[in-house]
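Subject: Structure handover and findings

Hello,

Please find the structure below, followed by notes on what was found in it. The notes go element by element and can be read alongside the coordinates.

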Amino acid sequence: VDCMVALPGQLFYSTQIPACLWFLARDRKNGRFRDRRGQTLFIDARKMGVLIDRVHRELTAPEIARIAGTYHAWRGDCEAGPYEDVPGFCKSATIEEIRKNGYVLTPGRYVGAEAAEEDGESFEEKMRRLTAKLGEQFAESARLEAEMRDNMKGMGHEI
């Protein structure tokens, strides 16, 4: 297996489930491209595409170009530029990494998660702020529950 591309769901009219493209290469050491023996490229494109109606999704031309360009760069096409792993999108895995994962070829397992944006707020500050907000929401929930119980009781239906 030369490359695995995980596609989003709703791309095909006959099924809603996500699909995965398998690219197979008979000779990964031919003279046209770099020697790729012992490596497999994983591309996770499950978050790509735009809904064209409620149940159908399409990949845009730039998204298709990004996927194809990534594969061509990894393969060693001179015109494609240099390849680089992108967290959450693509990863070139060695056969040893694949072996450690029990030979499971799911792209999401290898590409990992996208890098999270830093918001400049420390973890402790964020937890204090969110905990305070959650406390306010619990208090409001209790007030609304008591009000609803009183209303139900007024209608003769005690809960």
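How many residues has α1, and how far does it reach from its first C-alpha to its last? The helix has 15 residues and reaches 21 Å, close to the 21 Å expected at 1.5 Å a residue. Please keep in mind that this is a predicted model.

The sheet

The model has an open sheet of 4 strands in the order β2-β1-β3-β6, and the pairing is mixed. Its edge strands are β2 (20-23) and β6 (90-94), each of which pairs on one side only. On average, neighbouring strands are turned by 15° against each other, direction ignored.

Going through the pairs: β1 and β2 are antiparallel and share 4 bridges, with Val 5 facing Leu 21 of β2 as its bridge partner. Between β1 and β3 the sense is parallel, again over 4 bridges, and here Ala 6 has Asp 44 of β3 as its bridge partner. The antiparallel pair β3 and β6 is joined by 5 bridges; Phe 42 stands opposite Lys 91 in β6.

Strand β1 is covered on both faces: Cys 3 and Val 5 are buried on one side, Met 4 and Ala 6 on the other.

Helix α1 against the sheet

α1 packs on the sheet and touches β1, β3 and β6, and its direction makes about 165° with that of β3. Its buried residues are Glu 63, Ile 67, Thr 70, Tyr 71, Ala 73, Trp 74 and Arg 75. The elements covering them include β1, β3, β5 (57-58) and β6. After the helix comes Gly 76, with a positive phi near 110°.

Arg 66 is also in α1, but it counts as partly exposed because its relative accessibility is 40%. Beyond residues up to four places away in sequence, Arg 66 touches Met 48, Val 86 and Phe 89.

Nonpolar cores

Which residues have the most contacts inside the largest nonpolar core? They are Cys 3, Val 5, Leu 41, Ile 43, Ile 67 and Phe 89, in a core of 13 residues. β1 (3-6), β3 and α1 (61-75) each give two or more residues to this core. The largest share, 3 residues, comes from α1.

Cys 3 is in contact with Leu 21, Trp 22, Phe 23, Thr 40, Leu 41, Ile 43 and Tyr 71, leaving aside its neighbours within four places in sequence. Another core, of 6 residues, lies apart from the largest one; among its members are Phe 42, Ala 93, Tyr 110 and Val 111.

Asp 44

Is Asp 44 buried or exposed? Its relative accessibility is 10%, so Asp 44 counts as buried, the cut-off being under 20%. Asp 44 belongs to strand β3 (residues 39-44). The side chain of Asp 44 makes a polar contact with the side chain of Arg 46, at 2.6 Å. Neighbours within four places in sequence aside, Asp 44 is in contact with Ala 6, Gly 88, Phe 89, Pro 107, Gly 108 and Val 111.

Helix α4

Helix α4 (residues 123-154) has 32 residues, which should span 46 Å at 1.5 Å a residue; its end C-alpha atoms are 46 Å apart, so the two values agree. Just after α4, Gly 156 takes a positive phi of about 85°.

Two residues to look at when you check the backbone are Gln 10 and Tyr 103. Gln 10 has a positive phi near 70° and is found in the loop between β1 and β2. With a relative accessibility of 18%, Gln 10 falls under the 20% cut-off and therefore counts as buried. Tyr 103 has a positive phi of about 60° and is found in the loop between α2 (95-100) and α3 (107-111). Tyr 103 counts as partly exposed because its relative accessibility is 49%.

Regards

Terms used. Residues are numbered from 1 along each chain as its sequence is written. This is a predicted model: local features need pLDDT of at least 70, side-chain atom pairs count only at pLDDT 80 or more; totals for chains, interfaces and linings use all residues. Side-chain values use heavy atoms; hydrogens and water are left out. Buried means under 20% relative accessible area, exposed over 50%, partly exposed in between (1.4 Å probe, protein chains only). A polar contact is a pair of N or O atoms within 3.5 Å; within protein, one must be able to donate a hydrogen and the other to accept it, and residues adjacent in sequence count only if both atoms are side-chain atoms. Contact means heavy atoms within 4.5 Å. A nonpolar core is a set of buried Ala, Val, Leu, Ile, Met, Phe, Trp, Tyr and Cys residues joined through side-chain atoms within 4.5 Å. The expected span of a helix is 1.5 Å times one less than its number of residues. Two strands pair if DSSP finds at least two bridges between them. Axes are lines fitted to C-alpha atoms, for helices over the stretch in contact, and angles run from 0 to 180 degrees between N-to-C directions.
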